[in-house]
Amino acid sequence: MNKKTLALSVIGIAALGLFPVFMHNPYYLHLAETILIYAILLFGLDIVVGYTGQVSLGHAGLFGIGSYTTGVLYLKLGLPILLALPASIVVAAVFGAVMALPALRVTGPYLAMVTLAFGTITQILINEMSFLTEGPMGIQITKPGWFGQKMDETTFFYLVAVLMVVALIVVHRILRSHLGRAFQALRDSPIASDCMGVSVYRYKVYAFVISAALAGLAGSLYAYSEQYISPNTYNFELTILFLLAVIMGGRKSRIGSLIGAFIVVMLPSLLADIDLFRQISTAAAVIAVIGAVIALVQKRKTAREIVVPVVATIGMALFSYKLENITDWRLTIFGLMTLFVVYYLQDGIVGFVSAMFGKGPRHLIAQSGAQAVDESLAIANAGGERVGVLLSARQLLMQFGGLKALNHVDLQIAQGTVHGLIGPNGSGKSTMMNVLTGIYKPTDGVVEFAGRVISGTTPSAIALGGVARTFQNVQLFGEMTATENVLVGLHSTFRSNVFDAMLHTPRYLREERAARERAASILHFVGLSDLANEEARNLPYGKQRLLEIGRALGLNPQLLLLDEPAAGLTAPDIKELIAIIRKIREHGITIILIEHHMDVVMSLCDTVTVLDFGQKICEGKPAAVQADPKVIEAYLGGSVSEELSGAAHPVATA
Amino acid sequence: MEILLQLVFSGIALGMIYAVIAFGYQLTFATSGTLNFGQGESLMLGALVGLSLVGSIHGGPYMNYWLMIPLVILFGGLQGVVVEWIAVRPAIKIKSEFGWIMSTIAMAIIFKNVAENIWGKDDLTFPSPLSAQPFQIFGANVQPMQIVVIVGALAIMLAVELFNRKSIYGKAVVATSNDRDAAGLMGINTSMVITFSYALSSATAAFAGVLVAPLTLTGATMGSSLGLKAFAVAIIGGLTSGVGAIVGGLILGIAETLTGFYVSTGYKEVPGLVLLLLVLAIKPAGLFGKTAIKKV
C-alpha cells in the first residue's frame, strides 16, 4: 500500500466513524447505511460485470434471496444475526452457483437473459411461497440484538460500516490475486484463458458465487436496516439500478462502486425535488454546451459527435420546466441516464476523472529491475535428451459438415525436437493445433501425450498436462499488463484458494512472490523487461507475439505449440524470435512450429511435416522436404497427374 | 377433457403471439447479432396506440379495428427505427455488447414510463372487433378472436419470409445475415438493412400487440413479461430457425395455460423460464438451431 492510498483509507474510515457523531438525523443516517449496503453488493456485481465482462440481470434476485433468508430465519426460527447473516451469504452463494450453471455454456445476450429469467423466477417464488415468505404481505424484522439489548440506528450503522470495510478489503484482495487475474483473463480472451489452464467455466462460476455471496450479505443487512421486506423491492428496476451504479461509478474500481452506490441511493431524493432537478438539469445543459464549444474549438470532436448529447441535455433542461410532477417521470430520467452513461461515460466517473488527470487504470507495479533477475528461473528444465515420442496423433479425422479439415493424419513428435508443420493456406495446420490443444474434439482418432490419451479432454486440462500454445491471431489479455499476462500463465503454480487470497496467508504471499519473480525472469527471457508494466494492448505487434510465448512458458510446458510466430514480424524481430526459440529448445522443451517463413522453418526445425488438403503429403528432414516434388507442387501447383485428386477437395480455411 | 382441449386452444393462441415476438428477435439477431431487449415494450406500445385509435380513451373511436392495423404496423416500424438509431447503432459502432444490452433495456424502461404517463398505470380493456361469443370445436369453447390471432400470426411471419426470399430487398437482408462484411463489400448498405430489420421486428411486435390485446388486458406493464417469455421461446426454438419459433411458442403457450389452470396463475410464468434454463444448459443452440463452430 503506498502512502496516498493509506491516507485515503484513513480519511475514509475516519469519515465513516465520525459520521453518526455529527449526524443525528435518523433519515440521513439511514440513507448513509443504505449507501454502504449497496456498495457491498456493487463490489460483488463489479466482479461479474467489470472483471469477467458478463452482464448480470439477476442481482436484485440474489439480493432478495439474501434478505429473505434472514427474514425467514428470523420469523420462523427466531435466529440471531450471528447465524442469519452467514446463512444469507451461504444461501445466496448457492443460488449464485445455480444461476451460473446454465450460464456455463452461454455468453453475452444469452447470459443476460438467463440471469433475467433467474431474477424473475426469484421474485415470483418469493411472492407465491406464502407459507415461507408471507407472500406479498412481507416480513417485519427488528434490529438485531447486541449484548442483550436491541441495536439502535447508530450501532447498526457501525456494524454495516465495519462489514463494508471488510468486504472492500476482501474483494480488493481477491481481485488483486491470481483469481482476479483469471477473471480478467476470461473477459479479454476466453480461448487463451482455457489454453493457459484457467478453466473459463470454473472461474465464471467462481465469479458468480463470490458475487452472489456479497449480494447475500448486502441483502441480509438490508433486511435489518429496513426492518421490513416485501417481494416488490427486488424487481427488475433494482437490477438496472445496480448495473447503472457499477458503470456510472466506474468498472474495476472499489471507489467507483462507492460513488455509484452514493449516486443511485441519492437519486430518488434528488428527483423528488422538482426545483433541485431543474437547477441540476440546467447546469448540466450549460456544462454540455460549454464542453461542446471547447471540444469544437480544440477540434477534438466533430460537430456530428456532439450534437446528440448537447441536444439531449438542452431538451432535458427545457423538459424539466414543463414538468409539474417529477416522480412520475423518474424511470424515464433514469433510462436517459443509463443511455448517457453507456455511450458517453463508459469508464464511469472514476475513469473519467483519472483520464482528465492523464492517468491510466492503475496496475500493481511489478518489482523494479534493481533486483537481479535469475534467468534460470524462467524455464524449468523439461528433462534432458531422452529420445522418445512425446506426442503421437493417430488417424486424426476432423470433419466440419462435409469438409474433412484433417483426413486421417498421423503425427509423431519426438521429444526435444523442433517439429515444423507447414503447408499451403487451408491445409489443416491450425485445425491440427486446435485438435491437439483440445479446442476441437476430433471426429475420430486419438491424441496421446506423454503416454496419456488427451483427445476428448478439455483445453485447460491439456494445458495443465504440459501443452502450451500461442495463437495465429494474437490472443493476449489486452487490459492487463505484460507481467499480469505472464502471471496468468503461471496460474497453475498457485495452490492457494480464495480464503488464502482473502486472508493473505503466508502460503498465498509466498506463492505470489514466487510467481512475480518468475514472471520477471520470463519477461527478461523474452526481452520484455522494460515493458513489464505496459498494458498488452499497447505493445507493438512484434512484442505482443513474444509476450504470448512468454505467457505460454509460464505453464512449464513440455510441449510448446507456436502458431505462425513470425507472421507480420520485421526482419530484426524475426532474428530475435529465432534466438528465443533456440533458447527454449535448449531447455529441453519440445516445439511444434507452424510457419510460412521458410527460412525460419529451415533454420530451426529438426523434422518437417507437410499438410495439404488435410492430408500428410510428406515428412522428413527440412532439406529433403524442401526438395520433394509433391511439396513443391502443393505450394506452386502444377503436375497434371495430381490435379484430379486435388480438385476433389474443397478448400478449408486456415 | 373439454377443459383440457380448451386450455390447449388458448395455449396455441398465446403461443403464436410468443412466436411472432420471438420471430422479431430472430430478425434483428440475424442481421446485426443484436437483440432488442425492449421487444415486449414495442408490443405494448403497438397495443396502446391501437387502443387510442379504436377505443374511446383519447376521444375516439377514430376507425375500426381492421383499418387500424396498418397504422399500428407503421407506428411499430418507426418505433423500431428509433430504437435502432439511438440504442443499437452506436453500440455496433463501438462493438460493445454490454452497450446495446444496456441501452435497449434503458429504452424499454423509458417507453414503459412514457406509456404509464400517457395511458395511465391501470390496465384497460381493448374493444374486441369480433363477437366474444365462443363457438364449439370438439366440445371446447373457442373465441373467434383466438382464430384471428393464430391466422394473423402465421400470416405476418409468412409475409416476412416471402419478402426475404423473393424480393431483391429481402435478398439484401439475407445476405447481411450470412456475412455482414461481405454484403457490405458487395455494395449493400448494411447499416440500412439493420435499421430495416429493427423496423420489421418492432412492426411485427406491434402487430402482435393489437392481435393479443382484445384477449387480454392492455396496459403499460403488459410488455415486459411477454418479451422475456418470447425470448425463452426464441432460445428454445433456436435463434436461427423460424419453425423453431413456432414450435417453441406452442410448447410455452400450452405449458403456461396448463400451469395456470392446474397449479396456480401465480406460477404460470415459471415453466417457460425453467424450460429456458434447461435448454440453455443442455442444448444452447435451441431445439432447431445449428451449433456454431468457433474459429480460433
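Me: How many helices and strands does chain A have, and what makes a run count as one?

Reply: Chain A has 27 helices and 14 strands. A helix is a DSSP run of H or I with at least four residues, a strand a run of E with at least two, and both are numbered from the N terminus. This is a predicted model: local features need pLDDT of at least 70, side-chain atom pairs count only at pLDDT 80 or more, and totals for chains, interfaces and linings use all residues. Residues are numbered from 1 along each chain as its sequence is written, with chains lettered from A and ligands numbered from 1 in the order in which they are written.

Me: What makes S13(A) and S14(A) a pair?

Reply: Pairing requires at least two bridges found by DSSP between the strands. Strand S13 (residues 607-612) and strand S14 (residues 615-620) of chain A are joined by 5 bridges, so they pair. They run antiparallel.

Me: What share of chain A is called buried, and why?

Reply: The share is 48% of the 654 residues. Each of these is called buried because 20 or more other C-beta atoms, placed from the backbone, lie within 10 Å of its own.

Me: Where do the domains of chain A lie, and how do you know their bounds?

Reply: Domain 1 covers 43-234 and domain 2 covers 376-647. The bounds come from an automatic or database domain assignment. Their centres, taken over C-alpha atoms, are separated by 41 Å. Still, 20 residues from domain 1 and 28 residues from domain 2 take part in the contact. Contact here means C-beta atoms, placed from the backbone, within 7 Å. On the domain 1 side, H8(A) gives the most, with 7 residues.

Me: What makes residues on that domain 1 side nonpolar, polar or charged?

Reply: Ala, Val, Leu, Ile, Met, Phe, Trp, Tyr, Cys and Pro count as nonpolar; Asp, Glu, Lys and Arg as charged; the others, Gly among them, as polar. By that rule the side has 10 nonpolar, 6 polar and 4 charged residues.

Me: How many residues of chain B are in contact with chain A, and which helix gives the most?

Reply: 34 residues of chain B are in contact with 38 residues of chain A. H4(B) gives the most to the chain B side, with 14 residues. By class, that side has 25 nonpolar, 7 polar and 2 charged residues.

Key: Two residues are in contact if their C-beta atoms, placed from the backbone, lie within 7 Å. A residue is buried if 20 or more other C-beta atoms lie within 10 Å of its own, exposed if 12 or fewer, and partly exposed in between; C-beta atoms are placed from the backbone.
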